[in-house]
Amino acid sequence: MSKNRNSRRSFIANTAATTGLIAASSFAPTRFAIGATSKIKVGILLPYSGTYAMLGNSITNAMKMRIEQAGGRMGGRLVEYVALDSEMSVPKAPQNTNKLIKKEKVNFLVGPVHSGIAAAMAKIMGQRKSPIMIVPNAGSNAVTGPLCAPNIFRTSFSNWQPAFPGGVLMGKEGHKTCVTISWKYGAGIQMMDAGRNGFMTKGGKSIKDILLPFPNVEFQAHLSEIAALKPDCVFAFFSGGGAIKFLKDYEAAGLKNKIPLYGPGFLTEGIEKAAGSAAEGIKTTLHYASNLDNPENHKFRTNYKTAFNTDPNVFSVQGYDTGSLLLQASAAVGGDVESVVDVIEAMETSRVPDSPRGPWSMSKAHNPIQNIYLRQVEGGQQKFLGVAAKDLADPAAGCKMT
Ligand code: BEZ
């Protein structure tokens with residue numbers, strides 16, 4: 001990175017010298033001087049409809065709240081948002097991405113929630129030097145693996161990170177067999193694989209892996225099959241509206257008190273109240289718990305509840321931390337966010353010490369190194385039970401940052 005930075009600086013110096021700009025410095029304002037008066041444009045590509053709408057809204061609300069807390073300015077410049085509903089459509093992802101980059105000319109691109117869309121966006125972004133993309137949710141392992149790129153950062157997790165410790169947990173709790181169930185797309189498949197692999201490290205075995213088309217919620221036939229197979233436990237990845245339906249159907253099928261349910265924490269996150277008794281008691285692993293006892297979390301939860309009249313969740317935390325990263329990096333370059341190489345350098349060395357999830361830092365592959373917590377739903381909240389994996393970094397297999 002610093003090599004690029006130096007070569008950019010010497011390019012500017014050489015260009016200035018050869019064009020006589022240094023001598024004629026009063027001739028025109030520098031690029032930064034122009035930029036400093038204009039707004040910073042943040043493009044947002046998130047779901048505002050369908051099964052993941054709650055996730056998109058939680059991220060957007062908290063990111064804007066964080067930036068508002070800083071006076072609505074980043075590095076001294078006002079911020080303008082351009083938001084598009086991703087509709088969770090992978091085919092529409094290239095068109096939406098190009099619209100924000102080429103038509104709206106955004107300085108930063110924040111999105112998406114869905115792993116398939118993330119991979120489609122990363123293929124476009126990795127071919128370009130700018131803008132900088134910040135992934136505030138989608139866990140696609142590839143985005144900080146084979147598709148990693150200098151201008152792609154993530155403030156959330158890789159699919160492997162919360163799912164692997166979930167599988168380990170099932171083994172630690174004495175289970176020997178499980179059935180895994182999820183949606184058939186990037187996130188579902190990767191979390192299922194990670195959970196199964198974690199379970200295997202403790203001698204466990206999956207006797208059946210069930211995949212449904214995304215975002216299908218016809219669970220009945222699969223629940224009958226699970227009842228007939230009688231595994232020791234079930235490992236599931238669903239999220240948002242689909243997770244509410246799955247938990248309710250699992251309880252209604254009479255399985256809740258017979259076959260313990262586990263998964264990465266998305267299974268119960270942000271839907272604790274909507275799922276009611278169907279979510280109560282379920283243990284999951286994730287990089288957040290409602291009652292984490294740190295001052296940032298207390299402050300964050302109070303402010304979020306006051307602003308939006310609802311409790312925050314991990315998706316809001318990820319949005320909030322996206323806001324913090326944007327603020328930090330923009331301040332580091334004194335608002336000159338058009339100096340993309342310098343912004344990247346600031347993001348690469350960033351630590352987010354004041355996150356509600358606890359402190360985390362950016363890995364070389366641009367993914368958070370963070371604690372994964374064991375939590376349990378109790379009274380509609382995610383109660384912290386312990387640290388399942390401390391400072392967990394994604395293996396980032398296949399990432400070659402050029
Ligand atoms: C994903 O597609 O990467 C994803 C969606 C919802 C929750 C977690 C991950």
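This is a predicted model: local features need pLDDT of at least 70, side-chain atom pairs count only at pLDDT 80 or more; totals for chains, interfaces and linings use all residues.
**Entry 1. Helices H12 and H13**

I noted that H12 and H13 are oblique to each other, where angles under 35 degrees count as roughly parallel, over 145 as roughly antiparallel, 65 to 115 as roughly perpendicular and the rest as oblique. Residues are numbered from 1 along each chain as its sequence is written, and side-chain values use heavy atoms, leaving out hydrogens and water.

For H12 (residues 314-332) and H13 (residues 340-348) I recorded an angle of about 125° and axes 9 Å apart. Axes are lines fitted to C-alpha atoms, for helices over the stretch in contact, with angles from 0 to 180 degrees between N-to-C directions. Helices (H or I, at least four residues) and strands (E, at least two) are DSSP runs, numbered from the N terminus.

I then looked up the contact (heavy atoms within 4.5 Å). Leu325, Leu326, Ala329 and Ala332 of H12 meet Val343, Ala346 and Met347 of H13.

**Entry 2. Helices H4 and H5**

I recorded that the axes of H4 (residues 93-103) and H5 (residues 115-125) come within 9 Å and cross at roughly 50°. H4 is therefore oblique to H5. On the H4 side the contact includes Pro94, Thr97 and Asn98, and on the H5 side it includes Ile117 and Met121.

**Entry 3. Cysteines**

I took a disulfide as a pair of cysteine sulfur atoms within 2.5 Å, and the count came to 1 disulfide. Cys148 is joined to Cys399, S to S 2.2 Å. With 90° about the S-S bond, this link of Cys148 and Cys399 is right-handed. Cys148 lies in the loop between strand E5 (132-135) and strand E6 (152-154), and Cys399 in the segment after strand E15 (381-392), so the pair is 251 residues apart and links distant parts of the chain.

I checked accessibility next (buried under 20% relative accessible area, exposed over 50%, partly exposed in between, with a 1.4 Å probe and protein chains only). Cys148 is buried at 10%, whereas Cys399 is partly exposed at 23%.

Cys178 is buried at 0%, and Cys233 is buried at 0%.
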